[in-house]
Amino acid sequence: SRTMSNLQEQTQRAFDSIGTVGKVMTGAGLAMSAGLGFAVKTAADFEAQISRVGAIAGATGSDLEALRKSAMELGASSSKSATEIAQGQEALAALGFTTKDILGAMPGVIAAAEASGSDMAQTAEVMASTLNIFSMSADKATYVADILAKTANISAASLTDMQYAIKYAGPPAAALGVSLEDLSASIGIMTNAGMGGE
C-alpha cells in the first residue's frame, strides 16, 4: 500500500512537471509566434516602401535591387531602419533623383537626419530641394546635408525652419549669387533673433 502510494505520488509529480513544461513551451511558442508575425509585417512594410521607391524613380531590375540592397545595408549600419531609409529614397525620387543619385546621396541624408534628429523623409526633401535650388549635383548631397545639420545644431533653427526659409529665400539667394553657406548662416542668425525662417 505504501509502495503504491509512493508510486502514485511520484507519477503525479511527473505529470505536474510535464504540465509546467508544457505551459512554458506554449508561452515560448506564443512569444516566438508574435515575434515572427512582427518580423513578417516589418518585411512586408519594407517591401511595400521599396516598391513605391521603384515606381516613383522608374527603377526596375538591377536598379530596384540596388536600392533595396542599399536600404538594407544602411539600415544595418546606422540608427535608421531600412524602411526609414527607403522613405528617404522615395523623397529623393519624388524630386527627380535618379537611382544613381539616390544611392550617392543617402549617406549624407542619414548623417543629416541623425545629426539634426529629424526624420529621413523630411531631411531628404530639404536636402534635395536645396541641391535643386542651388543647381548642385547629387554628389554634393553630403556637403549640403552637413551645412543644414550644422546650422540646425548651432542655432535655434530646426530643420523645419531651414526647410521653410530655403523654400522662400533660396531661389532669390541663388539668383543673386549668395552662397548656401551664407544663406544658412543668415537663417541661423535671424532665427536666433526670433525671426522664423519662413
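Mentor: A residue is called buried when its relative accessible area is under 20%, exposed when that area is over 50%, and partly exposed in between. In helix 5, the buried residues are Met 120, Gln 122, Thr 123, Ala 124, Val 126, Met 127, Ala 128, Thr 130 and Leu 131.

Trainee: Why is Thr 130 called buried?

Mentor: The relative accessible area of Thr 130 is 0%. The cut-off for a buried residue is under 20%, so Thr 130, at 0%, is buried. Thr 130 lies in helix 5 and, not counting residues up to four places away in sequence, touches Val 144, Leu 148, Ile 166 and Leu 180.

Trainee: What makes Thr 123 count as buried?

Mentor: Thr 123 has a relative accessibility of 2%. Buried requires a value under 20%, and Thr 123 therefore counts as buried. This residue is also in helix 5. Leaving aside neighbours within four places in sequence, Thr 123 is in contact with Val 109, Ala 112, Ala 113, Ser 116, Ser 118 and Leu 159.

Trainee: Against which helices do the buried residues of helix 5 pack?

Mentor: They pack against helix 3, helix 4, helix 6, helix 7 and helix 8.

Trainee: Why is Ala 175 called exposed?

Mentor: The relative accessibility of Ala 175 is 69%. Exposed means over 50%, so Ala 175, at 69%, counts as exposed. Ala 175 is placed in helix 7.

Trainee: What makes Ile 56 partly exposed?

Mentor: Ile 56 has a relative accessible area of 40%. Ile 56 lies in helix 1. Leaving aside neighbours within four places in sequence, Ile 56 is in contact with Glu 90, Ala 93 and Ala 94. From C-alpha to C-alpha, Ile 56 and Gln 89 are 9.8 Å apart in space, and 33 residues apart in sequence.

Trainee: How do you know that the length of helix 5 agrees with its number of residues?

Mentor: The expected span is 1.5 Å times one less than the number of residues. For the 14 residues of helix 5 this gives 20 Å; the end C-alpha atoms are 20 Å apart, so the two values agree. The 14 residues of helix 6 should likewise span 20 Å, and its end C-alpha atoms are 20 Å apart, which agrees.

Trainee: Which residues of helix 6 are buried?

Mentor: Ala 141, Val 144, Ala 145, Ile 147, Leu 148, Ala 149, Thr 151 and Ala 152 are buried. The buried residues of helix 6 pack against helix 4, helix 5, helix 7 and helix 8.

Trainee: Why are helix 4 and helix 6 called roughly parallel?

Mentor: Their axes are 8 Å apart, and the helices pack at an angle of about 5°. Angles under 35 degrees count as roughly parallel, so helix 4 is roughly parallel to helix 6. Where they meet, helix 4 contributes Ala 105, Gly 108, Val 109, Ala 112, Ala 115 and Ser 116, and helix 6 contributes Ala 141, Thr 142, Ala 145, Ala 149, Ala 152 and Asn 153.

Trainee: What makes helix 2 roughly parallel to helix 4?

Mentor: The axes of helix 2 and helix 4 come within 10 Å and cross at roughly 10°. That angle makes helix 2 roughly parallel to helix 4. The contact involves Asp 63, Ala 66, Leu 67, Ser 70 and Leu 74 of helix 2, together with Thr 99, Ile 102, Leu 103, Met 106 and Ile 110 of helix 4.

Trainee: Which residues have the most contacts inside the largest nonpolar core?

Mentor: They are Leu 92, Phe 97, Met 106, Met 127 and Leu 148, in a core of 45 residues. Helix 4 gives the most to this core, with seven residues. Not counting residues up to four places away in sequence, Met 106 touches Leu 74, Ile 85, Gly 88, Gln 89, Leu 92 and Met 120.

Trainee: Where in the protein is confidence lowest, and where is it highest?

Mentor: Confidence is lowest in helix 1, with a mean pLDDT of 66, and highest in helix 8, at 94. The mean for the protein is 82, and 78% of its residues reach 70 or more. Where pLDDT is low, the predicted coordinates should not be read in detail.

Trainee: How many helices and strands does the protein have?

Mentor: The protein has eight helices and zero strands. Of its 198 residues, 35% are buried.

Definitions and conventions:
Residues numbered from 1 in each chain as written. Predicted model: local features only at pLDDT ≥ 70, side-chain atom pairs only at ≥ 80, totals over all residues. Heavy atoms only, no water. Core = buried A, V, L, I, M, F, W, Y, C linked by side-chain atoms within 4.5 Å. Buried < 20%, exposed > 50% of the residue type's maximum accessible area, 1.4 Å probe, protein only. Helix = DSSP H or I, 4+ residues; strand = E, 2+ residues; numbered from the N terminus. Contact = heavy atoms within 4.5 Å. pLDDT = per-residue confidence, 0-100. Axes fitted to C-alpha atoms, helices over the stretch in contact; angles between N-to-C directions. Parallel < 35°, antiparallel > 145°, perpendicular 65-115°, else oblique.
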